[in-house]
Amino acid sequence: MAEPEAAEAAEAASLHVQCKDFTKMPCSKLEQWLAEASPVPLQKVFKLQTWSYAFVTVLPEHREQFREAMNGALCRNSNITVKDGTPRKPQNEEERAAKRRKKGEFPPGHIPTLKDLKEKLKNRDPGDVLHKSAPLIDWSYETQLGMKATHIKSAVRAFTKQVSQKCKDLSLQTPPWTTFEWSKASGAPMGCACPLDEAIGTPAESLEGYRNKCEFSIGRDAQGELECGFVQRITDDGFGRLVASCQDVPGAPSQRLLEAHARISIDPSGNGSGMGSMSPLERKEAGNQLFKEGKWQQAVEQYTAGLESANDENLAPDQRGLLLSNRSQCWLKLSDFQRSLEDANACLALLPEHAKSLVRRATALENLGRHQEALLDFARVARADPKNSVAVEAAKRLREELAKKMERRDESSLPSRLLARLREGNEQEQLEACEQLRLQALKGQAATLLKASAVEVLLATAQACDGSVRKAALQCLCSLSSGRELDDLEVPDVSDRAGSLPAAASAARKQLRAAFGSENGLKQLARLCQNHAGSMSQLALLLGYCAELEDQQALEVLRAALDFGGEETPRAGLVALNSICDARRRMGAAGQALVPSRALLRCLESALSTGHRELLQGLLAEVFALLADKEDRPKELQVDLASVGLQILEPFLQSEEELLRCNGLAGLSCLLAAQKEASQVLQQSAAPLKAMLQAVSAPAPGAEGRAAQGHAAECLLLAASDARTRQRWVEGGGIDVLLGALSTEKGVNRELVDAKLVAVLAIMAAHNKDVRDEVFDRVDFMMELRFALDTARESVLAAEGREQKRQARRLCSGLYESFACLSIHGEFKELLGNSKKTLEALQALALEEDLGEDRSLSFFFACLLYNLCRSREDKVRAKTGNPMLDELGDDDLKALEEFYERMPAEARPVQNGDVDPGPKALALRLRSWALQRGSTGGASPVVSKLCRCAAGGSVQTKVLVAEALRLLCQDQAQRKFLTASGALRALLELSEVPQAQDAARQCLAQILIVTNPALLQYQEQLSAVRPLLQLLESRNELFQFEGAMALTNLLVSCEELRSHALQCQAWNLCKDLIFSDNLQVQRAGLEALCNLCMAPEVVERFAEGKAEVELKIFGAFCQSEDVAAQIASSGALAMLARYEEVAVHIAACEQCVSGLLYLLDAEEPPLQHRAMALAAALSEADGEAAAKAAAAAKQKVQVPRRSRS
């Protein structure tokens, strides 16, 4: 009978399968791979970790089939080789026992280590219970203690070595106690981190007989405190140990053990050398060990403790990341995928390329159902490491799954199939089809839907179905028409003429207009929607995309929506009307002039009865602005806005219901803001003023009363700009009403009301001196103004919606208007200059973006800055239209004024009302404030905002900005701050505005005189040339001088700039200046010509002999009495003489040679230097004239220099 091993060998065939990539695969992975790749079932697979081969057992009948399939197959990047395995020679029981005995024997006299004994026990007969329980029984007790001491020394040495290697792996500083020098100095065994005590043995009297052996360890006692001592017992859960102190254990050993116990430090707080004081890295190693043992929850606790102590020990980010990554893996094992995802994300924030964390995050994402995100992470790892089989296989699997899912979804979501489900499906299928169509429209597939006749099908569905299906179909039509994703109840961008609307959305709107324009098309659909709020809301929103203000039927539908019960549908009607009006406003002059039809007025009346005040104000502002627009409006279509507004608003202003009266005041503020002439409404009826004053002085309790008070205050602020209205208020006791309305109550709405009332009082104070004195006497007006500024600033920052921003801008505009009116007077400027906080609040009030978009706001800001910077010495010269008067210089103007003074009083010209803007010292102080840099340095916020006003402001605003910048430029030392604040770009634009060009060009020249051209952008340099040359053409000598000086400085920049200046006739203009009667202008022109001589075009002109006049001019000025003119002209000649072709012509010019000889007598070093350079250049030139001139110069140099006196 065969032995069991031989029988088994006969029943199975062993094969030797080899591949070099097997070394990277554990046996379990390899077995799984072979099982999938093999065409036959496998009986067994055996492989060790480092082997590049494995033994595979199959049935004998499957041997050849396995060999043919697997031999040469590819595993990862290597081929597989299959050979027959060599079976082991069978052994009987006696041979096996002899082999085990031989392997377990030690040489004579050899004292084994504990490791040797452990290996020996593996080969002992399992029945040898004695050696299993007492492995040291064959040696004496003294030998046993030595063996234990050797084992302890090896363990400490191995620990020290592991710490050193771990620090190197982590790029950390190695502790000093891991070095051999430390061991030697501390008396420790070589390679050990500390000295070792001798092993403490059992007392001699206790060696005989029965002994109770207890493990000496560190753990927690019965009270839960950390303790170092003997293990009393194992806890019930099988994992914990109950440790007792040496003193508490019966039969404890000698005093020596107690002394050793006392030397061990236990810190219950966890900060000492016990278990509680483990470092984060020790926690990490402990967690890793627990993970290997399958104790994942305990591993989580160790990693968590390590992370908690990492902050105290300043753990490196990479180590913190590894702790997080390991804990993420534990959460995966515990199936807590959300926590695993959070830890993986935290690790990747510290270690962005950590491959294991990417794989763990991807695994968590996949289990959470977020397959697309998981694929991105798996693919990222696979690209970085193609040999990472986990990532490669997962990426491939997910990619295939997502592709199949996408294919199924695409097939079911084809437009034709969705539209077919709309026609033929049940209610649920129709709802799902509408939602998928809507999503496709929002994702850019609207054009495909339109080709499939989606508009017709959806309209038919809306007319044929009820309730929720009709609402879904109309909502889908809204998405098709919008061209973008949006909240249905927000005001959409409806303008298809702005160039940004997709063509598909524009086509959808066109189809809807055609469908609604057919007979009963819209009327029938509106009738079907009238009993369903959701459908009516969607129909109203749809009309917001495709209706016009002249479409009477659409306006009737929208009025029905406004009158609909509830909140949603009236809001949708307001949104739609806002959309239609916004579209008309964006069309500008291309749009049709709006006429107030009966349908439109009825819509506005219905809107005024709703409670959505912000949308209501936006609608009324748009409608009144369209009605107030007079540009390109035919005379027969002119609208009396005050009368139309009064017709709409008067019933609401007189209403007893607080909501309606509040809405009426909100509409009145929109009316007054739309057109200045609309203030006539206050003269046409007493109702508006009565409602305003009643709401301000005696507001009704509750939210509606406070809102009405705010709207009334805003109406007063808007109406105060009209002088006739102000006069009526003054005569009717309006000052008392306003002062009485000021309150000490707190609250955001109350503070806004007071801020508006203060702005009204400020404008009233500028009406005349009596009113100003009364206001200043009765209240601390500067404090009230500062309070108003702070409140307005808060409202600007808090504004979110379009209407809130519009109201905040109105308040800012009113405050700036009041300050602009008051700042005409020097006495108010003095008060303002002494209040730094008020000035800071003034600067911070308006945002730059608001100044660029709101013309009224920018005008009053510029007007305020101009008034603040002006003094009584800065005369305002208005253009009269008479060239003779407009071109008068300051001296001529002064003489003319003296002539007027000598005339009889009745013959003198009538002067406008004089005001005193204050002394120059005050203006200088306020200018310094305006030029102060911001908290971050560099630009001045005041100047930056002033320049922003010029970008989008009116012509009057541009003039004020130019004049204010000219006043700020008067201090030469401050001009650099203007450049840093963007003034240069603003001045270049203003120089093209006829009304502002003189001030802008002069200011530009003054800045360029002191600015290094290298600090300017190249385009700014080029753009500045033409305005400067236009100054040279002026009859004003100051303009000529400053323009030439700025041009001189600018021309040193680059060759291209000089060429550009020459193309703009700079040479001729500068040459004309040297014939001026003004010495300063002559000198400036010469210096500009000197810099132009560096241009190749000028050198070529002189070389060709086409500049004889210029040479004579330069030679003549070399003999001038003005040293600066001599320097400029001699510099030009010396520069040109460097070119031999030009030097010949200079030598032939009698004036140039005479000028050279004259300069050789000069005593000034700059003249001497230029003269010698010119003489040297002439001496190197060819020709008889050059030689003659050089000889004369040489002879002149050899004789003593004559005195210039």
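Start by selecting helix H26, residues 568-587: Arg586 and Asp582 sit 4 residues apart in this helix, so about one helical turn separates them. Keep in mind as you look around that this is a predicted model.

**Stop 1**

Show the side chains of Arg586 and Asp582. They form a salt bridge, and their closest N and O atoms are 2.9 Å apart. Why might two such side chains meet? Side chains of opposite charge can pair when their charged atoms come close. Which of the two partners is buried? Asp582 is, because its relative accessible area is 1%, below the 20% cut-off for buried residues. Arg586 is partly exposed, at 41%.

**Stop 2**

For another one, select Asp84 and Arg67, whose side chains meet in a salt bridge of 2.5 Å, N to O. Here the pair links distant parts of the chain: Asp84 belongs to strand S6 (residues 81-84) and Arg67 to helix H3 (residues 63-70), 17 residues apart. Asp84 is partly exposed, with a relative accessible area of 44%, while Arg67 is buried at 19%.

**Stop 1: a loop and a helix**

Move on to Glu353 and Arg380, which form a salt bridge with their closest N and O atoms 3.1 Å apart. Glu353 lies in the loop between helix H13 (337-350) and helix H14 (355-367), and Arg380 lies in helix H15 (residues 371-384), so the pair ties together parts that are 27 residues apart in sequence. Is Glu353 buried or exposed? Glu353 counts as exposed, with 61% relative accessibility. Arg380 is partly exposed, at 29%.

**Stop 2: a patch of negative charge**

Finish by selecting Glu1140, Glu1141, Glu1180 and Asp1182, which form a negative surface patch. Where is Asp1182? Look in the loop between helix H62 (1165-1179) and helix H63 (1184-1198). Asp1182 is exposed, because its relative accessible area is 53%, above the 50% cut-off for exposed residues.

Methods
Residues are numbered from 1 along each chain as its sequence is written. This is a predicted model: local features need pLDDT of at least 70, side-chain atom pairs count only at pLDDT 80 or more; totals for chains, interfaces and linings use all residues. Side-chain values use heavy atoms; hydrogens and water are left out. Patches are made of residues with over 30% relative accessible area and no salt bridge: like charges are joined within 9 Å, nonpolar side chains (Val, Leu, Ile, Met, Phe, Trp, Tyr) within 5 Å. Accessible areas come from the Shrake-Rupley method with a 1.4 Å probe; for residues, only the protein chains shown count as cover. A salt bridge is a side-chain nitrogen of Lys or Arg within 4 Å of a carboxyl oxygen of Asp or Glu. Lys and Arg count as positive and Asp and Glu as negative; His and the chain ends are not counted. The place of a charge is taken as NZ of Lys, CZ of Arg, CG of Asp or CD of Glu. Helices (H or I, at least four residues) and strands (E, at least two) are DSSP runs, numbered from the N terminus. Buried means under 20% relative accessible area, exposed over 50%, partly exposed in between (1.4 Å probe, protein chains only).
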